[in-house]
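Please report on the structure shown here. Keep it short and organised by site and element.

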Amino acid sequence: MTVQPIRLFGDPVLRTPADPVVDFDAELRKLVADLTDTMREQSGAGLAAPQLGVGLRVFTFDVDDVLGHLVNPVLEFPDEEEQDGPEGCLSIPGLYFDTKRRQNVIAKGFSAFGDPVQIVGSGLMARCVQHETDHLDGVLFVDRLDPEGRKEAMKAIRQAEWYDQAAPPVVKLSPHLSNPFGLGR
């Protein structure tokens, strides 16, 4: 269990869809421990494996005193209710932008031991689960912003002290824009 460096905006691993986990072994449990330690060290609400450079469908979360992880998540939305509020990302440090998300989510997946897990969340938990699942699909929260918001976000990113101008970032539209909340996933 160790704290790992977090990949920053512009790193190609953040734009690559992660592969499903097929081996629920000690290596996966070490990854979950590293994700948890790194997330907690950075005071994050969640952290996905691609943020550590690992292309597997697993993330950890620490929201409202609930600490956990989910492997191979599949999201369902029980209603159409939305929330709009500030969202940030450990891979885009120090920047927050209002982002629309679904208010309620049901996330189904597995534990690091292969046991079925279901998370029913609303508010911040729903936002976190959607954000981290997006990471597993190669989508960043700035992709979900409207064009004006995305332009503002990119300007702020380019001005951030951690931004590397030698490696210009790839900006893409969310694959869910015609279906902005990922319904049917």
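## Glu132

Leaving aside neighbours within four places in sequence, Glu132 is in contact with Gly46, Leu47, Ala48, Gln51, Phe59 and Thr60; contact means heavy atoms within 4.5 Å. Glu132 sits in helix α2. Helices are DSSP runs of H or I with at least four residues, strands are E runs of at least two, and both are numbered from the N terminus. At 3% relative accessibility, Glu132 is buried. Buried means under 20% relative accessible area, exposed means over 50%, and partly exposed lies in between, with a 1.4 Å probe and protein chains only. UniProt, in an unreviewed entry, places the feature "active site" at Glu132. UniProt positions follow the numbering used here, feature names are shortened, and annotations may be inferred rather than shown by experiment.

## Basis of the model

This is a predicted model: local features need pLDDT of at least 70, side-chain atom pairs count only at pLDDT 80 or more, and totals for chains, interfaces and linings use all residues. Residues are numbered from 1 along each chain as its sequence is written, and side-chain values use heavy atoms, with hydrogens and water left out.

## The annotated binding site

The unreviewed UniProt entry assigns "binding site" to Cys89, His131 and His135. These residues spread over 47 residues of sequence but cluster in space, with a largest C-alpha distance of 10.1 Å. Cys89, His131 and His135 are included in the lining of the largest pocket. On a 1 Å grid over the protein atoms alone, a pocket is an open set of points where a 1.4 Å probe fits, with protein on both sides within 12 Å along at least five of seven lines; lining residues have an atom within 4 Å of a point.

Cys89 belongs to strand β4 (residues 82–89). Its relative accessible area is 10%, so Cys89 is buried. Beyond four places in sequence, Cys89 touches Gln51, Leu95, His131, His135 and Phe141. His135 lies in helix α2 (residues 124–136). With a relative accessible area of 1%, His135 is buried.

## Aromatic pairs

Rings of Phe, Tyr and Trp (its six-membered ring) pair if their centres lie within 6.5 Å; planes under 30 degrees apart are stacked, over 60 edge-to-face, and the rest tilted. The count comes to three aromatic pairs. In one of them, the ring centres of Phe59 and Phe61 are 6.4 Å apart and the planes are at 55°, so the pair is tilted. Phe59 is buried at 0% relative accessible area. Phe61 is buried at 5%.

Another pair is Phe97 and Phe141, with centres 6.4 Å apart and planes at 35°, so this pair is tilted too. Phe97 lies in strand β5 (residues 92–102) and Phe141 in the loop between α2 and α3 (147–159), so the pair ties together parts that are 44 residues apart in sequence. Both Phe97 and Phe141 are buried.

## Buried polar side chains

Asp143 is found in the loop between α2 and α3. Its relative accessible area is 0%, so Asp143 is buried. What does the side chain of Asp143 make a polar contact with? The partner is the side chain of Arg15, at 2.4 Å. A polar contact is a pair of N or O atoms within 3.5 Å; within protein, one must be able to donate a hydrogen and the other to accept it, and residues adjacent in sequence count only if both atoms are side-chain atoms.

Gln83 lies in strand β4 and is buried, with a relative accessible area of 13%. A polar atom of the Gln83 side chain lies 3.1 Å from the backbone oxygen of Arg102. The Gln83 side chain also makes a polar contact with the side chain of Arg127 (3.4 Å). Among the residues that Gln83 touches beyond four places in sequence are Thr99, Gly123 and Ala126.

## Strand β6 and its partners

Five of the seven residues of strand β6 (residues 104–110) are buried, so the strand is largely enclosed by the rest of the structure. Strands pair if DSSP finds at least two bridges between them. Strand β3 (residues 66–76) runs antiparallel to β6, joined by four bridges. Val74 has Lys108 in β6 as its bridge partner.

Seven bridges join β6 to strand β7 (residues 116–122), again antiparallel. Here Lys108 stands opposite Gln118 in β7. The hairpin of β6 and β7 has five residues between the strands, and Gly114 takes a positive phi near 90°.
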